[in-house]
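Here is a friendly walk through one protein model, going from its sheets to its helix contacts. Keep the 3D view open as you read.

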Amino acid sequence: MAERREVDAVVVGAGFAGLYMLHRLRGLGLSSRVFEAGDGIGGTWYWNRYPGARCDVESMDYSYSFSDDLQQEWTWTERYASQPEILKYIGHVADRFDLRRDIQLSTRVTSATFDETTNRWDVRTDCGDQVSARYCIMATGCLSTAQVPKFKGLESFAGRWYHTGHWPHEGVDFTGQRVGVIGTGSSAIQSIPIIARQAAHLVVFQRTPNYSVPAHNAPLDRDLERRVKADYAEFRRQARESRVGFVMERNDASALAVPPEERERAYETHWGRGGLGFSSTFADLLTSEDANETAADFFRAKIRAIVRDPAVADTLCPRDYPLGTKRLCVDTDYYATFNRDNVTLVDLRKTPIEAITPHGVRTQAEEYVLDSLVFAIGFDAMTGALLGIDIRGRAGQSLRDKWAAGPRTYLGLTIAGFPNLFAITGPGSPSVLSNMIVSIEQHVDWIADCIIYMREHAHATLDATVEAQDTWVAHVNEVGHQTLYPRANSWYMGANVPGKPRIFMPYIGGVGTYRQICDDVAAKGYAGFTLG
């Protein structure tokens with residue numbers, strides 16, 4: 001039998017969240033063990049190595065703020081950092097702060113059980129580890145459980161198939177191949193232009209067209225870098241107090257309150273700048289259907305102007321959900337790629353896939369002969385990684401049973417009945433509707449401060465009350481349903497996973513507002529928690 005070890009805290013996951021949590025725990029003088037399923041650190045940036053993988057938040061924003069020395073010494077090369085550069089940055093942070101010695105790679109946590117007699121978590125792994133910890137901190141990420149392809153006949157396919165969320169680390173050369181990409185979400189939109197330049201022919205199988213804004217990526221503006229580094233503290237303060245965790249030009253006007261020519265100019269300005277800031281062009285794009293439709297019309301006109309074949313352009317135009325209610329994509333030459341002679345677009349709403357065959361993909365209309373298949377079908381977002389672990393709280397209650405009708409948390413950080421269990425950027429927090437690094441740092445700092453409070457006041461456990469949790473879930477739903485977000489069958493709603501409960505999972509009240517709520521809870525002696 002494996003030796004049972006004791007530590008103060010177990011952290012699950014060694015991405016951005018796990019690394020910073022380990023750093024803070026070290027600073028508190030606590031012993032910690034980080035378990036990471038991958039063969040290397042980096043979380044989502046370790047796994048997602050598909051062609052064109054790149055962050056959709058600008059580099060100067062998508063980085064840690066906890067160390068000014070780190071901020072000043074690191075230099076990004078591009079406006080939007082690529083996956084290899086982000087992974088290099090993560091490795092630099094791990095080495096600079098000597099974090100690797102407390103991280104155990106290639107180890108998947110299989111269970112975490114709360115022992116009410118000792119007030120400790122019993123954590124077990126697929127490598128036979130048995131660890132007892134006072135605190136169990138889930139840094140498992142929101143987009144870390146890839147959707148497994150479940151297409152009839154996949155096992156018969158004679159070629160090679162890949163998932164964008166589990167890309168081979170040695171890379172894939174599609175030169176001269178007939179390639180099929182199934183899905184048109186963010187990872188597909190980033191990879192399709194690059195695959196199209198390699199492949200002899202590319203077939204894109206689209207069920208739902210996506211809104212995508214150009215990135216206009218370029219080498220990082222060194223004047224911008226100098227200005228930011230000269231006053232990084234103010235830059236970060238504005239990000240923390242913003243709605244989405246990075247500073248965007250905001251317009252408090254309604255899209256419907258300005259003349260059409262002025263509205264068009266505003267959209268052109270944001271399209272020309274590129275990036276996620278487009279959704280802030282007017283204040284009511286995510287709350288008013290009529291306002292949103294003006295932006296959607298602008299997008300559709302852009303698609304028709306870029307794509308030469310009117311039928312293909314029409315197929316690429318989203319119509320049945322409001323702009324921005326699925327995550328807005330950021331691309332380089334995505335729509336223009338469909339002007340290439342070697343690219344075919346298949347509308348799965350008109351001709352659904354019937355089966356994967358030994359030779360390719362058969363739809364209701366025809367069979368496409370292919371050498372390779374790429375599944376860009378997304379993730380079991382926000383809950384998949386947590387529910388993939390057998391987590392049991394008081395009286396042996398399982399998290400899977402507790403969340404059978406959808407996730408329920410207090411502040412997106414804690415779960416009633418699961419003492420001393422913390423989820424970094426869990427459902428019910430801004431997480432995926434924000435700059436993840438800002439949300440990660442806020443959560444880690446809150447957890448660290450909570451542990452300090454417990455230690456100073458001789459509390460062994462902290463557990464959210466059911467009442468506080470119910471109130472928070474109601475608030476998250478109320479705020480969410482004041483927007484257009486629930487109108488889309490998005491992964492925000494769990495709609496991309498068959499059988500998953502439909503519930504709007506992230507908190508849309510804004511990063512700054514959420515931070516103030518969490519600070520108020522702490523200032524009131526951790527209101528809404530039972531401290532034992």
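## The parallel sheet

Two strands are said to pair if DSSP finds at least two bridges between them. Strands (E, at least two residues) and helices (H or I, at least four) are DSSP runs, numbered from the N terminus. With that in hand, look for the open sheet of five strands, which runs in the order β7-β16-β8-β9-β12 with parallel pairing. Its edges are β7 (160-163) and β12 (343-347), each with a single partner strand, so one side of each has no neighbour in the sheet. From one strand to the next, the twist averages 20°.

Before going on, a word on the model itself. This is a predicted model, in which local features need pLDDT of at least 70 and side-chain atom pairs count only at pLDDT 80 or more, while totals for chains, interfaces and linings use all residues. Residues are numbered from 1 along each chain as its sequence is written, and side-chain values use heavy atoms, with hydrogens and water left out.

## The antiparallel sheet

A second open sheet has three strands in the order β13-β14-β15, and here the pairing is antiparallel. The edge strands, β13 (353-357) and β15 (367-369), each pair on one side only. The twist in this sheet averages 20° from one strand to the next.

β13 and β14 (residues 360-363) are joined in the antiparallel sense by four bridges. Within this pairing, I353 stands opposite T363 in β14.

## Helix α13 and its partners

How do α1 and α13 lie relative to each other, parallel or antiparallel? The axes of α1 (residues 16-27) and α13 (residues 436-456) come within 10 Å and cross at roughly 30°; axes are lines fitted to C-alpha atoms, for helices over the stretch in contact, and angles run from 0 to 180 degrees between N-to-C directions. The two are therefore roughly parallel (angles under 35 degrees count as roughly parallel, over 145 as roughly antiparallel, 65 to 115 as roughly perpendicular and the rest as oblique). Residues of α1 including F16, Y20 and L25 meet α13, where the partners include I437, V444 and I451 (contact means heavy atoms within 4.5 Å). By class, this contact has twelve nonpolar, no polar and four charged residues (Ala, Val, Leu, Ile, Met, Phe, Trp, Tyr, Cys and Pro count as nonpolar, Asp, Glu, Lys and Arg as charged, and the others, Gly among them, as polar).

α13 also meets α15 (residues 511-523): their axes come within 11 Å and cross at roughly 0°. That makes this pair roughly parallel. On the α13 side the contact includes H443 and W446, and on the α15 side Y514 and R515 are among the residues. Seven nonpolar, three polar and one charged residue make up the contact of α13 with α15.

## Helices α8 and α9

The axes of α8 (residues 260-273) and α9 (residues 289-306) come within 11 Å and cross at roughly 60°. The two helices are therefore oblique to each other. Among the residues that meet are Y267 and W271 in α8, with F298 and F299 in α9. The contact of α8 with α9 has seven nonpolar, one polar and four charged residues.
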